[in-house]
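Biologist: Could you take me through this model, with the criterion behind each label you use?

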Amino acid sequence: MNMQPITEPQADRRDERTTRLFLSPPHMSGKEQEFIRQAFDSNYIAAVGPMVDAFERELAEELNVSHVLSTASGTAAIHLALRCLDIQPGDEVWASTLTFIGSVAPIVYERARPVFIDSDPKTWTLDPALLSEALATAAGRNELPKAILPTDLYGQSCDLDTIVETSGRYGIPVICDSAEAMGTVYRGRRAGSGALMAVYSFNGNKIITTSSGGALTSADEKLIRRARYLATQAREPVVHYEHVEVGYNYRLSNILAAIGRAQLRVLPDRVARRRQIFQRYVDGLGDLPGISFMPEASYGRHSRWLSVITIDAAQFGADFETVRQALEGHNIESRPVWKPMHRQPVFSGARTIGGAVADSFYAQGLCLPSGSNMSQSDQDRVIEIVRSLSDHV
Ligand SMILES: *Cc1c(COP(=O)(O)O)cnc(C)c1O
């Protein structure tokens, strides 16, 4: 991929009455329409075609992985991964509790049982020590899970090598949910690399987007071949539509793959810009008592897909919800940290291992506007509003 200089959007003043500042809006490069035009010219207005093939090749190159299937969404890719592992009703799949519902909903599609694991306070991602302890206990009871599904959170990789090593001792496969971690580095590799399978998302709010879309990757060709078959209605390779299994319509459209090809070319620029935005928040808010920032783990490079702070209300002088509403009053979108899965009514019966760490992030966490196309003056406005609520200015 060709590196582009970091472009800082110009500092035109946003009109708060009419223009909303979104948390993480799409940021087009300007090259998308040319790729879309090529897709139209070829008349592959379908879920197959040259753009899909090229996007998968380019993704493989970007992620340095041998096999890639592009999908209609990240959620679809996770569902396919679970199907490839032959997860059965009643099987346990252990997942991060601090994640987005799309990570774990596919466990329920297969009538399997999610078990939620707490976060490591140092990284906010799945706690490998807790996992190790819980697997030892489960092994003693002969109740091991069929898969481990950790999430790379907000652009921070989980400690994948440790998780894979621990799970490997029991022969349990790891699916890495890297939906939020395109462009993230883990121990010099791309996030997700080292898991049996990894999943990425190109939803509209992610660091690069195809409007909707995702990918499933693996070093194992057989797994991706099986996922491709399941994603294409499980069609047998004969002309008369023969089916011995039920599959899905989960392929990425050729038009959306065209958008993805243009977006992939600006990924390094997008990561650099998001990290720059994060640093500006640190510079603008870091001196305020009660404000802390999501840490960057020593083993990798956080993409800062979202800039996340925690607010200690007693020290700061206001809680995160007061800050959120103040920003909302200026037509600025910010969001609480993901509500942990073990707090979700739909999972009220699910087993949880720990949970207090994720709860504390949910009680104090706020995701600030992080779009790579946000202007400096807009970011300064966010900083100004947050500062105005501090007891100490
Ligand atoms: C966005 C996301 C997904 C789902 O991706 P979609 O493309 O929206 O289906 C899964 N897991 C996490 C952690 C996500 O943030």
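Modeller: Handedness first: a crossing is left-handed if the near helix is turned anticlockwise from the far one by less than a right angle, and right-handed if clockwise. The crossing of helix 3 and helix 7 (residues 221–231) is right-handed. A helix here is a DSSP run of H or I with at least four residues, a strand is a run of E with at least two, and numbering starts at the N terminus. Mind you, this is a predicted model, where local features need pLDDT of at least 70 and side-chain atom pairs pLDDT 80 or more, while totals for chains, interfaces and linings use all residues. Residues are numbered from 1 along each chain as its sequence is written, and side-chain values use heavy atoms, without hydrogens and water.

Biologist: What meets what between helix 3 and helix 7?

Modeller: Leu80, Arg83 and Cys84 of helix 3 meet Leu223, Arg226, Ala227, Leu230 and Ala231 of helix 7, contact being heavy atoms within 4.5 Å. That gives six nonpolar, no polar and two charged residues. Ala, Val, Leu, Ile, Met, Phe, Trp, Tyr, Cys and Pro are counted as nonpolar, Asp, Glu, Lys and Arg as charged, and the others, Gly among them, as polar.

Biologist: Why are helix 1 and helix 8 called roughly antiparallel?

Modeller: The axes of helix 1 (residues 32–42) and helix 8 (residues 254–264) cross at roughly 150 degrees and come within 8 Å. Axes are lines fitted to C-alpha atoms, for helices over the stretch in contact, with angles from 0 to 180 degrees between N-to-C directions. Under 35 degrees counts as roughly parallel, over 145 as roughly antiparallel, 65 to 115 as roughly perpendicular, and the rest as oblique. So helix 1 and helix 8 are roughly antiparallel. Their crossing is right-handed. Helix 1 brings residues including Phe35, Ile36 and Phe40, and helix 8 brings Ile255, Ala258 and Ile259, among others. The class count for this contact is eight nonpolar, three polar and two charged.

Biologist: And what makes helix 3 oblique to helix 4?

Modeller: Their axes come within 8 Å and cross at roughly 45 degrees, and that is why helix 3 counts as oblique to helix 4. This crossing is right-handed. Thr75, Ile78, His79 and Leu82 of helix 3 touch Gly102, Ser103, Pro106, Ile107 and Tyr109 of helix 4. By class, that's five nonpolar, four polar and no charged residues.

Biologist: How many cavities of 30 Å³ or more does the search find?

Modeller: One. Its lining includes Met182, Lys206 and Ile208, and divides into five nonpolar, one polar and two charged residues.

Note on methods
1 Å grid on protein atoms, 1.4 Å probe; cavity = no way out; pocket = protein on both sides within 12 Å on 5 of 7 lines; lining within 4 Å. Points joined across faces, edges and corners; volume = space filled by probe spheres on them.
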